[in-house]
Amino acid sequence: MEQRKLVTVLFCDLVGSTELAGVLEPETLRSVVLRYFDMARQEIKAHGGTVEKFIGDAVMAVFGVPVVHEDDARRAATAALDMIASLAELNAELETSVGCRLAVRIGVNTGEVVTTTEEGANQNLIAGEVVNVAARLEQHAGAGEILIGPVTRALLGGSAVVEEVGELSLKGKRDPVTAFRLLGIRPDTQHEAESPFVGRERELALLDAAFARPDGQPVTVSGEAGIGKTRLLREWLSAKEDALIGTGRCHPYCDRASLMPLAHALRRILDAAASFGLLTEELVSEPSYGVLRSGLLLDGAPGHSASSTYAAIAAVLARLAAARPVVLVLDDMHWAEPMLIDGITQIANAQRAHRVLLVCSGRPDHARTLPGRAVNLTPLSEVDATRLAAGLVELQSHGQPTLARVIDRAEGNPLYLEQLVAMLDDGADLEQQLPVTVTAVLAARIDALRPDERMFLDAAAVVGREFDVRTVEALAESGAVAALAELTRRGLVEPVSGQTYRFRSGLLREVTYQGISKRRRAQWHEELAPGSAGHHLEQAYLYRQGLGIRDDHTAALRGKAARALTEAARNAMARADLSWSENLGKRAIAYSTKDDPWWTEAAQGLGETWLAVGRTAEGSELLRDVMATAAATGDNLAYAHARLQVDSHSQTGWWFPAADTAREALPEFEAAGDQLGLARGYVRLAQEQQFLGSHRTAEQLLEQALRHAEAANAAPEHAMALGALGISLWHGPIPAADAVRRCRQLLATREHDVAIVTLNYPLANLLALQGLEDEARACLATADRFATGLGFAEAAVLAPLFAAGVEALAGRLPAAQRLLREAVQLCRAAGDPRLVATASRDLARVLLRQGVCPEPELLGPADASGLPPEQAADHLGAHARTEAAKGNAAMALSLAERAVAESLATDSPITRAITQLDLAIACRAAGHRATARNAAVRAVTWFDGKGHSVGARTATEFMDAL
Ligand SMILES: Nc1ncnc2c1ncn2[C@@H]1O[C@H](COP(=O)(O)OP(=O)(O)OP(=O)(O)O)[C@@H](O)[C@H]1O
Ligand SMILES: [Mg+2]
């Protein structure tokens with residue numbers, strides 16, 4: 001199986017070997033070179049690297065094959081430093097024996113390679129850019145110098161002592177490479193400036209409890225890499241100033257003896273004891289102390305016998321504990337030798353009665369469970385993670401959304417969080433890249449798997465974060481039971497329910513996925529394609545394309561992918577998931593050209609989505625392209641759809657341009673049985689009736705639209721029809737109480753959240769006009785809550801307009817005024833003159849009610865020609881009031897009379913009542929008290945008929961004040 005992995009390549013070459021050849025006898029030269037090779041090979045092996053080949057006098061080694069380690073870069077760097085050091089020793093010898101010195105130069109570079117695990121194949125055949133760059137770095141290095149590449153440098157992190165060499169233009173590479181001179185590696189106990197410690201209160205308390213009452217049982221802190229075991233212990237220990245503390249760590253390689261970490265910890269405890277003056281003559285002359293000094297403390301190996309060493313440790317610790325509590329910590333126990341694990345158990349058993357606490361810590365993917373009581377570290381809570389992130393970025397200025405994404409992605413693992421934030425600082429694209437440090441840690445865990453387990457995990461990664469076991473089984477063509485058990489035990493995956501499992505972290509899935517060869521990814525994605533939302537076809541196409549496979553199969557995949565994505569985009573739109581629909585639609589278009597037969601459909605979907613999210617210009621342009629293409633190919637249905645959408649969003653003229661278009665298109669939709677088209681067509685016809693003020697007719701048309709939208713299963717159209725119906729129930733002749741009941745009924749049957757938004761706004765106004773202010777506010781709040789995140793441009797524009805209606809009815813005029821100013825702005829920005837006029841008239845009326853004359857631009861000229869009746873009535877009425885306020889009684893009267901005449905052409909009792917009130921005000925201004933009274937009486941009647949108690953009260957008060 002081919003795999004992609006991150007490896008570190010080391011090149012080491014002799015400097016000036018031609019001169020050597022000139023001075024040394026060939027046989028001597030050969031033996032000298034062989035000594036150098038030997039030395040190099042030993043150092044590479046000691047650090048877990050593999051010698052790939054010898055080229056002339058150069059050695060090439062790879063760290064990361066056959067198995068990746070999380071610290072491969074560090075291993076390679078240490079090997080390089082040790083080679084230079086060993087060469088100095090070798091030179092001292094050569095100087096005396098043959099009278100010559102050798103010098104080497106070294107290049108180290110890390111990068112992705114493709115390897116194969118196929119039986120019989122040359123497993124270690126490593127080639128590619130990473131190798132070339134390593135070789136070039138080596139050639140640029142001076143004698144005795146080590147040059148490392150940027151990824152190696154990043155992986156070494158704070159532990160590397162380096163000098164930046166600058167950018168090198170390397171032969172055969174287009175972009176220059178930033179190289180660093182490696183001077184040394186700091187021991188891993190040193191820490192750089194750290195982020196402030198967060199959370200972990202429970203774990204600290206558990207450790208405290210164990211410290212206060214040691215019962216001979218060790219405590220084991222366990223958790224996955226980077227979760228914070230080491231940091232937790234450091235934090236906890238820093239508060240234990242009185243205790244004798246010793247920490248030892250296990251290493252993945254190069255611990256020269258099994259008990260070295262224990263020896264290390266013990267030495268620290270004795271040092272601490274010495275500093276407290278506890279290493280008395282008496283203690284030092286104890287036999288147990290002697291056992292340790294001649295064995296364990298000397299070389300980390302049990303001198304006489306293991307059990308006598310453990311007994312001696314127990315005895316010495318017990319002696320010390322009489323004076324001060326003792327804490328012995330062994331970190332990174334997942335790398336411990338089995339002997340050390342047994343040792344801990346034995347020492348602990350001998351400790352029962354003393355103030356000695358043994359603490360181990362390690363990752364759970366170790367084959368053996370660690371002894372003692374477990375303190376399991378789980379991911380940081382979101383609150384803690386957010387605090388940590390805030391601490392990490394204190395000095396930088398990242399936007400909140402990026403930071404939220406980082407927190408999301410790290411899933412509570414502080415190491416990942418740190419690394420992702422650091423990557424942000426470098427300006428990297430979070431979605432495209434993972435920090436190499438994270439990749440290295442996770443890749444090592446994955447690479448330690450057996451081939452069948454690895455295959456299963458790889459297949460699962462192609463399926464997704466969550467996967468169905470049977471689907472993965474079919475892909476991987478291998479049994480799942482054993483693999484799943486092991487993967488679960490290692491904490492890589494976890495069960496969700498039934499046959500569904502998931503990767504423990506999203507990053508783990510990503511790293512697993514990155515390790516799969518592109519050819520394999522293409523193949524598996526294609527196998528998964530049936531029944532998927534286009535994603536797998538798209539990936540299969542992209543990988544084949546990326547690999548340069550330009551055959552018919554790849555071409556066919558492009559079409560399949562585009563069609564599947566178009567279909568998925570349409571489904572997303574039908575669920576009113578606008579952002580997902582836009583995402584899918586853009587991808588579909590990316591794999592289509594205008595010559596492709598599927599282009600029209602893809603473009604139509606994306607164009608409609610753009611209109612819905614408020615990208616009107618782009619959406620209309622794309623749909624106009626669709627109209628042109630559809631006209632050329634004779635696709636009448638596509639043409640009708642595109643035109644209806646374009647016209648519905650075109651903002652010229654008073655009349656609803658889309659109504660005529662709808663009338664033309666409906667027979668086309670009817671003939672094709674196109675439910676979506678029918679739903680849209682009827683909504684437009686209904687809106688035209690609403691403008692005319694014929695709400696009963698509008699209602700009937702909307703009932704029809706609703707039925708079609710239901711049949712089409714289209715949430716946006718359904719919600720649009722419901723919202724429009726709400727408006728007619730509000731403005732139309734049905735009494736408010738009945739209208740509210742009908743709205744609530746409709747809400748109960750709605751199938752999607754959008755309808756909650758579109759219906760609750762008119763409902764709020766229906767409640768407010770009955771004086772039910774609290775209920776009205778509750779509806780507004782619900783609508784606002786559901787509107788956030790939906791992304792419908794129209795809802796955002798309408799929200800303040802509806803809210804202002806409620807405020808005005810509740811008599812909170814300044815609030816209404818503020819909302820209406822906002823509404824006017826928003827409607828202007830949306831480029832909708834009809835809505836701008838509505839909002840402006842409402843604003844003018846609110847100003848007048850507060851005794852303020854509206855600015856002339858707000859209402860425009862007092863000319864209603866061309867306006868539909870409901871608009872005309874409202875427009876003339878608002879002008880009448882303005883003139884009355886200015887004292888132009890005659891003008892006010894004539895305008896009000898025209899307003900009343902227009903209102904009679906509508907079936908809206910509210911419009912009729914309001915124009916009567918406008919007339920009453922004009923009459924009063926003209927001193928005609930009796931006519932004013934009659935008009936007010938008619939207003940009360942209309943208001944009462946509607947159940948508009950707020951209006952009826954206003955009109956009555958007006959009469960009383962006459
Ligand atoms: N509670 C915490 N508050 C702040 N930073 C933390 C916290 N826990 C961990 N970190 C930081 O996250 C990084 C990883 O933590 P740490 O090295 O302790 O992980 P670990 O569990 O010991 O990993 P490994 O298994 O690789 O040894 C460190 O830089 C550490 O400072
Ligand atoms: Mg650690």
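Here are legends for a few close-up views of this predicted model.

**View 1. Helices H33 and H34 pack against each other.** H33 covers residues 736-749 and H34 covers 753-769. Their axes sit 10 Å apart and meet at an angle of about 160°, so the pair counts as roughly antiparallel, the cut-off for that being over 145 degrees. The crossing is left-handed. On the H33 side, the contact involves Ala736, Ala739, Val740, Cys743, Arg744, Leu746 and Leu747. H34 brings in Ala755, Ile756, Leu759, Asn760, Leu763, Leu766, Leu767 and Leu769. Sorted by class, that makes 13 nonpolar residues, one polar and one charged.

**View 2. A cis peptide bond links valine 65 to proline 66.** Omega here is about -5°. Proline 66 belongs to the loop between strand E3 (58-63) and helix H3 (72-97). As a rule, most peptide bonds are trans.

**View 3. Arginine 200 has a positive phi.** The value is near 65°, and this is a residue other than glycine. Look for arginine 200 in the loop between strand E7 (177-185) and helix H6 (201-212). With 9% relative accessibility, arginine 200 counts as buried, since the limit is under 20%.

**View 4. Asparagine 713 also has a positive phi, near 60°.** Asparagine 713 sits in the loop between helix H31 (695-712) and helix H32 (715-731). Its relative accessible area is 57%, so asparagine 713 is exposed.

**View 5. The protein is divided into three domains, with domain 1 at 2-185, domain 2 at 206-376 and domain 3 at 864-962.** Between the centres of domain 1 and domain 3 there are 93 Å.

Definitions and conventions:
Residues numbered from 1 in each chain as written. Chains lettered and ligands numbered in written order. Predicted model: local features only at pLDDT ≥ 70, side-chain atom pairs only at ≥ 80, totals over all residues. Heavy atoms only, no water. Axes fitted to C-alpha atoms, helices over the stretch in contact; angles between N-to-C directions. Helix = DSSP H or I, 4+ residues; strand = E, 2+ residues; numbered from the N terminus. Parallel < 35°, antiparallel > 145°, perpendicular 65-115°, else oblique. Left-handed = near helix turned anticlockwise from the far one by under 90°. Contact = heavy atoms within 4.5 Å. Nonpolar A, V, L, I, M, F, W, Y, C, P; charged D, E, K, R; others polar. Domains from an automatic or database assignment. Buried < 20%, exposed > 50% of the residue type's maximum accessible area, 1.4 Å probe, protein only.
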